[in-house]
Amino acid sequence: MKLAIISDTHGSIFYFEKALKYIKEADRLIHLGDFLYHGPRNSLPEGYEPMELANRLTTFSKRTFVTGNCDSPIDLKLLNIPESTPYVIESYGPFNFFFAHGWDPDLEDSILLAKKYNCQYLIHGHTHIPRFDKVDNIVVINPGSMSIPKENSPNSILLVEVDMDSIEFKFIDILKDIVYMEY
């Protein structure tokens with residue numbers, strides 16, 4: 001099973017198109033929130049076309065979306081998301097994942113919830129900074145942001161490949177078209 005995990009697209013069709021070849025190869029698309037609006041503290045990303053991005057995102061039938069702090073009720077309607085979902089728990093093979101944006105619940109609460117639901121992996125967005133480390137026996141991962149990366153990080157997505165007894169994580173720099181971190 002191959003998962004394409006993206007976050008913080010903030011309405012950019014330009015960066016979505018850069019990531020599309022990886023997303024198309026995946027069995028499931030997981031978006032960690034901040035879909036369409038750029039937020040008051042961010043500059044407009046290149047290719048800011050939220051309606052076009054909404055149209056593209058709704059074409060994926062095998063998808064999981066959690067909402068972020070910049071997502072409004074109208075965004076959810078455009079994306080055909082029936083209700084606001086701040087986190088989702090899913091299992092692939094023997095691995096349990098806790099997916100959240102990282103705003104509400106915040107990261108500390110997300111770690112507690114991941115433990116409560118016996119998840120080995122917590123994957124979140126919000127900070128726009130790639131991350132891979134362990135906190136209280138939970139592997140905490142952030143794919144970074146596709147459209148508005150922070151702290152000199154690349155425009156990135158995360159690919160996760162799950163087999164029955166193994167798991168592999170690849171962070172993709174979508175502008176350079178390279179794997180820049182792998183676990």
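This is a predicted model: local features need pLDDT of at least 70, side-chain atom pairs count only at pLDDT 80 or more; totals for chains, interfaces and linings use all residues.
**Exercise 1.** Find which part of the chain K21 is tied to by its salt bridge.

Solution. 
- Start with the partner. K21 forms a salt bridge with D177, and the closest N and O atoms are 2.7 Å apart.
- K21 sits in helix 1, while D177 sits in the loop between strand 10 (167-173) and strand 11 (178-182), so the pair ties together parts that are 156 residues apart in sequence.
- K21 has a relative accessible area of 43%, so K21 is partly exposed. D177, at 37%, is partly exposed.

**Exercise 2.** Decide whether the N to O distance between E25 and K2 meets the salt-bridge cut-off, then locate the two residues.

Solution. 
- Recall the cut-off: a side-chain nitrogen of Lys or Arg within 4 Å of a carboxyl oxygen of Asp or Glu.
- Apply the rule. The closest N and O atoms of E25 and K2 are 3.9 Å apart, and the pair forms a salt bridge.
- Locate the ends. E25 belongs to helix 1 (residues 13-25) and K2 to strand 1 (residues 2-6), so this pair links parts 23 residues apart in sequence.
- Take the total. The rule gives 7 salt bridges.

**Exercise 3.** Classify K170 and E168 as buried, partly exposed or exposed.

Solution. 
- Note the contact. Their side chains meet in a salt bridge at 3.5 Å, N to O.
- Use the limits: buried is under 20% relative accessible area, exposed is over 50%.
- K170, at 25%, is partly exposed. E168, at 31%, is partly exposed.

Terms used: Residues are numbered from 1 along each chain as its sequence is written. Side-chain values use heavy atoms; hydrogens and water are left out. Helices (H or I, at least four residues) and strands (E, at least two) are DSSP runs, numbered from the N terminus. Buried means under 20% relative accessible area, exposed over 50%, partly exposed in between (1.4 Å probe, protein chains only).
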